Amino acid sequence: MEHKIAKAVDEIQKAKHISDAEKPLIIEKIEEWKEEKTAISELNTKLQEWWLKVEPIFAEIGLV
């Protein structure tokens with residue numbers, strides 16, 4: 001799991017569709033959750049919330 005989280009953080013840092021202002025906030029939250037084994041479901045919920053915000057943008061430009 002740690003390897004997957006590290007990969008996710010790396011991909012978030014490289015992502016062009018996530019603003020530079022949001023990246024540190026997302027990564028900080030992931031680091032907090034990584035400390036708690038029961039937080040994976042909370043992480044999943046938060047990522048779903050963020051997806052709901054960006055999905056319409058992807059749909060509008062034809063990526064979903």
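Q: Is Trp51 buried, exposed or partly exposed? What's the cut-off?
A: Trp51 is partly exposed, because its relative accessible area is 39%. Buried means under 20%, exposed means over 50%, and partly exposed is in between, with a 1.4 Å probe and protein chains only.

Q: Where do these numbers come from?
A: This is a predicted model: local features need pLDDT of at least 70, side-chain atom pairs count only at pLDDT 80 or more, and totals for chains, interfaces and linings use all residues. Residues are numbered from 1 along each chain as its sequence is written, and side-chain values use heavy atoms, with hydrogens and water left out.

Q: How many aromatic pairs are there?
A: The structure has one aromatic pair. Trp51 and Phe58 form it, and they are stacked, at 5.6 Å centre to centre with 20° between the planes.

Q: What counts as a pair, and what counts as stacked?
A: Rings of Phe, Tyr and Trp (its six-membered ring) pair if their centres lie within 6.5 Å. Planes under 30 degrees apart count as stacked, over 60 as edge-to-face, and the rest as tilted.

Q: And Phe58, buried or exposed?
A: Phe58 counts as buried, because its relative accessibility is 14%.

Q: Which residues make the nonpolar surface patch?
A: Trp51, Leu52, Ile57, Ile61, Leu63 and Val64 make a nonpolar surface patch of about 660 Å². Patches take residues with over 30% relative accessible area and no salt bridge; nonpolar side chains (Val, Leu, Ile, Met, Phe, Trp, Tyr) are joined within 5 Å, like charges within 9 Å. Areas come from the Shrake-Rupley method with a 1.4 Å probe; for residues, only the protein chains shown count as cover.

Q: Where is Leu63?
A: Leu63 sits in the segment after helix 3. Leu63 is exposed, because its relative accessible area is 56%.

Q: What's the secondary structure of the chain?
A: The protein chain has three helices and zero strands. Helices (H or I, at least four residues) and strands (E, at least two) are DSSP runs, numbered from the N terminus.

Q: New topic. How many salt bridges are there?
A: The count comes to six salt bridges. The rule is a side-chain nitrogen of Lys or Arg within 4 Å of a carboxyl oxygen of Asp or Glu.

Q: Which residues are linked in a network?
A: Lys7, Asp10, Glu11 and Lys14 are linked by salt bridges. Lys14 meets Asp10 at 3.1 Å, N to O. Glu11 also bridges to Lys14, with the closest N and O atoms 3.9 Å apart.

Q: Why are Glu11 and Lys14 about one helical turn apart?
A: Because they are three residues apart in helix 1. Lys14 and Asp10 are four residues apart in helix 1 (residues 2-14), about one turn.

Q: What about Lys46 and Glu49?
A: Their side chains meet in a salt bridge at 3.4 Å, N to O. Lys46 and Glu49 are three residues apart in helix 3 (residues 40-60), so about one helical turn separates them. Lys46 is partly exposed at 27% relative accessibility, and Glu49 is partly exposed at 38%.

Q: Which residues gather in the negative patch?
A: Glu2, Glu35, Glu36 and Glu42 gather in a patch of negative charge on the surface. Asp and Glu count as negative, Lys and Arg as positive; His and the chain ends are not counted. A charge is placed at NZ of Lys, CZ of Arg, CG of Asp or CD of Glu.

Q: Where does Glu35 lie?
A: Glu35 is in the loop between helix 2 (22-34) and helix 3. Glu35 counts as exposed, at 65% relative accessibility.
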